[in-house]
Amino acid sequence: MNSRQPIPVVVLAGFLGSGKTTVLNHLLAGRGGTRIGVVVNDFGSIEVDAMSVAGQVGDSMVSLGGGCLCCAVDGSELDAYLEKLSTPVHRIDVIVIEASGLAEPQEMIRMLMASENPAIRYGGMVEVVDAAEFDATRARHPETDRHLAVADLVVLNKTDRVDTAERARIEQELAALCAPGTPVVSADHGRIDPELLFDRRPWTETRGQLSFEDLLAEADDHGHGHGPGPGHDGCGHAHAAYESTEFTSEQALSPRRFIDFLDRRPAGLYRIKGFVYFGVPGHEERYEVHAVGRFLRFAPGPWGRGEARLTQLVLIGAGTDGPGLLRDLEACREPAPHEARPESMWGVLRYVARPAEPGTESESESETGTGSDED
């Protein structure tokens, strides 16, 4: 990741007992060399969740404690913590906020999108759902439906505790409750691939002094890691459950056709990342694209000196038609981008971060659409 780019802030939400902390710990365990800052928003004075992840993130973790994050007055407390984590000295690549099980994720999203901190950007909201307690949770917490409606990606956790028919029923219910096109990732014991949410850096630093990374590496070397589960390879890596499709084009892409492709992307396509070259007059920059579920953003930036003008994309999903995705992307090629009118970029610019006007809500990001675990 380019350290000069704003740090993405991912909200990890879900009701008590859904398995958020388990998901977070798996993200930390599979992060590679990525530096993750964590904000744990515990409800109550005993911060059990904060203590459970403290050994994995060290001084990159802060905890709000004492109540819901969404209740913080004008978000200033959250801003202070995010400013601490985004300080260059920490070299953080991504920040994950584990929200209280009683938090209102929509308010949290508004806080992040209204933040005036240029070092961070909203990176999407992931809702964790307990498959075994789905109906009971909705009965106890009717606001579940509202939370699902604003989710960019849903993790249906504890699928090992329900049979195939029950899982299919819940997935059908989720499809009706979520915004159109919202992907649902099935998981057991919170195991999802970190690549679905953020880029993993390779190991580049010398490890030592019994760091968390050393302990993980030692466990891998001696085969002491978790055994394989459904959808995992023999090393217990979650990435075996997903397919990755790569697309490269030296020819520019049509912004209108590419946006149409993104609007129609299948629910099984969980993640899109890379750079796009449109070549439209006045918009010859390199456009970084980042999609998690139905969340989508573009970030224009300069090309490196001598860098070839081309499009490079990685698409990660499950049950997707790789050749079909490539055919659709190839149909986005534009042989004469210099003849395109500037308004052809409007669809792309809708998803480019823009500073909020005074007294208005930030439009820094948009969403596409139509268009035994512990908490």
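**Close-up views of a predicted model**

**View A. Glu-243 counts as partly exposed, with a relative accessibility of 34%.** Keep in mind that everything shown here comes from a predicted model. Glu-243 sits in strand β8. Which residues does Glu-243 touch, once those up to four places away in sequence are set aside? They are Leu-315, Ile-316, Gly-317, Ala-318, Gly-319 and Thr-320. Take Gly-317: 74 residues separate this glycine from Glu-243 in sequence, yet their C-alpha atoms are 5.4 Å apart in space.

**View B. Strand β9 has a strand paired with it on two counts: β12 and β10.** Here we look at residues 269-277, which make up β9. Because 8 of its 9 residues are buried, β9 is largely enclosed by the rest of the structure. β12 (residues 311-317) runs antiparallel to β9, and 6 bridges join the two. To find your place in this pairing, look for Ile-272, which stands opposite Leu-315 of β12. β10 (residues 286-292) is antiparallel to β9 too, with 7 bridges between them. In that pairing, Phe-275 stands opposite Glu-288 of β10.

**View D. The largest nonpolar core holds 36 residues.** Leu-82, Ile-95, Leu-112, Tyr-122 and Met-125 have the most contacts inside this core. At least two of its residues come from each of β1 (7-13), α3 (76-85), β4 (94-98), α4 (105-114), β5 (120-130), β6 and α7. The largest share belongs to α4, which supplies 5 residues. Zoom in on Met-125 and, leaving out neighbours within four places in sequence, you find contacts with Val-11, Ala-13, Pro-105, Ile-109, His-147, Val-150, Ala-151, Asp-152 and Leu-153. There is also a second, separate core of 27 residues, with Leu-24, Met-61, Val-185 and Ile-192 among them.

**View E. Lys-158 has a positive phi, and it is not a glycine.** Most residues other than glycine have a negative phi. For Lys-158 the angle is about 60 degrees. You'll find Lys-158 in the loop between β6 (153-157) and α7 (164-177). Is Lys-158 buried or exposed? Lys-158 is buried, with a relative accessible area of 5%.

**View F. His-189 is not a glycine either, but has a positive phi.** The angle at His-189 is about 55 degrees. Look for His-189 in the loop between β7 (184-186) and α8 (212-221). His-189 counts as partly exposed, at 33% relative accessibility, whereas Lys-158 from the previous view is buried.

Notes
Residues numbered from 1 in each chain as written. Predicted model: local features only at pLDDT ≥ 70, side-chain atom pairs only at ≥ 80, totals over all residues. Heavy atoms only, no water. Helix = DSSP H or I, 4+ residues; strand = E, 2+ residues; numbered from the N terminus. Buried < 20%, exposed > 50% of the residue type's maximum accessible area, 1.4 Å probe, protein only. Pairing = 2+ DSSP bridges. Core = buried A, V, L, I, M, F, W, Y, C linked by side-chain atoms within 4.5 Å. Contact = heavy atoms within 4.5 Å.
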